[in-house]
Amino acid sequence: MDYVWPVLLLGVAGFFIGKFVKHKSLYPFMPFRYDFRKRRDTFRRCLDLLDKTNARTIIETGTSREGLHGAKSNGAATIVFGKWAQLNQAFVHSVDISERSVEASQKEVVAQGLVESVKIHLSDSIQFLESFAEKVDFLYLDSYDYSNDVEVQLKSQTHHLKEFKAIEHQLHEKSIVLIDDCDLPNGGKGKLVVEYMLKKGWKILMQEYQILLVRQDMVI
Ligand SMILES: C[S@@+](CC[C@H](N)C(=O)[O-])C[C@H]1O[C@@H](n2cnc3c(N)ncnc32)[C@H](O)[C@@H]1O
């Protein structure tokens, strides 16, 4: 019976060490408690590229409906890139078709003090992108939800391809494109758009759960 307490303590210590090792924060950029898990490294690389390319105009399709609390599940990109925008005199346009998502995201934008740096638009993303009249420095594609249903997968992939085509003419030689939910069965949201981009002079810079792309001849 002498060994029960040491074993128990070791188990508890192991549990917390495991949790700590798995925890992927963007600290010091974001508070340590938020775990960005499978998106942390691509977000970090992206933030670094935004610094280097002096990005000003950012578009996100599909807004952060769960706010920062969705860091692990959805990514909380509106807030992450909104904060970067606030610190760098840039601006985020986040577009979403759902009134509920827009309301929730707007609430978090206000709570985080980002109203001067982020605008949430209620619209279908393709319509929004088609009428967007400025050059885009960073495009983040994360709208039409992916699922296990093969029909939905194809609809989501087609939607993300259409999004890219709708704004392609506003991308320039230093634009950055990030696509979410790619490491999923049948290629995820990015399957068709990445295939298209690779034929159009883009290259993959990072491929994890998300895929990060820049122009083939971009020197980083
Ligand atoms: C995964 S969430 C976006 C998560 C967010 N980017 C983040 O980092 O937290 C997907 C969002 O896309 C929106 N959506 C789905 N279809 C859309 C469309 N056609 N146009 C714009 N938004 C759409 C949904 O309403 C939902 O809020």
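Predicted model: local features only at pLDDT ≥ 70, side-chain atom pairs only at ≥ 80, totals over all residues.
Visitor: Which polar backbone atom is 3.1 Å from an oxygen atom of the ligand?
Guide: That atom belongs to asparagine 74. Serine 143 also has a backbone N or O atom by an oxygen atom of the ligand, at 3.5 Å.

Visitor: How many residues surround the ligand?
Guide: There are 21 residues around the ligand. The closest are Gly62, Asp96, Ser101, Asp124 and Asp142.

Visitor: What kinds of residues make up that shell?
Guide: Eleven residues of the shell are polar, six are charged and four are nonpolar.

Visitor: Which pocket is the space taken by the ligand?
Guide: The ligand takes up the largest pocket.

Visitor: New topic. Where is leucine 161?
Guide: Leucine 161 is in helix α6, which covers residues 150-167.

Visitor: Is leucine 161 buried or exposed?
Guide: Leucine 161 counts as buried, because its relative accessibility is 15% and the cut-off for buried is under 20%.

Visitor: What separates leucine 161 from glycine 190?
Guide: Along the chain, leucine 161 and glycine 190 are 29 residues apart.

Technical notes: Residues numbered from 1 in each chain as written. Heavy atoms only, no water. Near = heavy atom within 4 Å. Polar contact = N/O pair within 3.5 Å; in protein donor to acceptor, adjacent residues only side chain to side chain. 1 Å grid on protein atoms, 1.4 Å probe; cavity = no way out; pocket = protein on both sides within 12 Å on 5 of 7 lines; lining within 4 Å. Sits in = over half its atoms within 2 Å of the grid points. Nonpolar A, V, L, I, M, F, W, Y, C, P; charged D, E, K, R; others polar. Helix = DSSP H or I, 4+ residues; strand = E, 2+ residues; numbered from the N terminus. Buried < 20%, exposed > 50% of the residue type's maximum accessible area, 1.4 Å probe, protein only.
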